[in-house]
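Thanks for asking me to look this one over. My notes follow as numbered points, to be read with the model open beside them.

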Amino acid sequence: MNAMTQTAAKTGTALASIVFAALVGATVIFFAGHAQSATLHDAAHDMRHSTGFPCH
């Protein structure tokens with residue numbers, strides 16, 4: 001009985017993780033799809049500078 005409870009809990013956690021990752025991915029795609037390309041470029045450009053990665 002105890003093994004079935006642990007298995008169900010692990011399956012529920014895995015499913016919740018997959019659903020959460022899918023929602024985050026869909027949100028990113030939605031906002032990237034509706035943003036102007038200059039806005040996306042500026043955001044990526046600023047992120048590269050803030051992490052110290054040269055981009056020029």
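1. Which residue with a positive phi follows α2? That residue is Gly 52, and its phi is near 85 degrees. Please keep in mind throughout that this is a predicted model.

2. On the overall make-up, the protein chain has two helices and zero strands. Of its 56 residues, 0% are buried.

3. Helix α1 covers residues 2–34, and Leu 15 lies within it. Leu 15 has a relative accessible area of 52%, and because the exposed class starts over 50%, Leu 15 counts as exposed. Together with Val 19 and Leu 23, Leu 15 makes a nonpolar patch on the surface. The accessible area of these three residues together is about 280 Å². As a reminder on spacing, an α-helix has 3.6 residues a turn, so residues three or four places apart point the same way.

4. I also looked at the aromatic side chains. One aromatic pair turns up in a search of the whole structure. The partners are Phe 30 and Phe 31: their ring centres are 5.5 Å apart and their planes meet at 75 degrees, so the pair is edge-to-face. Phe 31 is exposed, at 55% relative accessible area, whereas Phe 30 is partly exposed, at 49%.

5. Helix α2 runs over residues 37–50, which is 14 residues. From its first C-alpha to its last it reaches 20 Å, close to the 20 Å expected at 1.5 Å a residue.

6. What does Leu 40 contact, leaving aside its neighbours within four places in sequence? The contacts are Ala 32 and Ala 35. Even with these contacts, Leu 40 is partly exposed, with a relative accessible area of 39%.

Methods:
Residues are numbered from 1 along each chain as its sequence is written. This is a predicted model: local features need pLDDT of at least 70, side-chain atom pairs count only at pLDDT 80 or more; totals for chains, interfaces and linings use all residues. Side-chain values use heavy atoms; hydrogens and water are left out. Patches are made of residues with over 30% relative accessible area and no salt bridge: like charges are joined within 9 Å, nonpolar side chains (Val, Leu, Ile, Met, Phe, Trp, Tyr) within 5 Å. Accessible areas come from the Shrake-Rupley method with a 1.4 Å probe; for residues, only the protein chains shown count as cover. A salt bridge is a side-chain nitrogen of Lys or Arg within 4 Å of a carboxyl oxygen of Asp or Glu. Helices (H or I, at least four residues) and strands (E, at least two) are DSSP runs, numbered from the N terminus. Buried means under 20% relative accessible area, exposed over 50%, partly exposed in between (1.4 Å probe, protein chains only). Rings of Phe, Tyr and Trp (its six-membered ring) pair if their centres lie within 6.5 Å; planes under 30 degrees apart count as stacked, over 60 as edge-to-face and the rest as tilted. The expected span of a helix is 1.5 Å times one less than its number of residues. Contact means heavy atoms within 4.5 Å.
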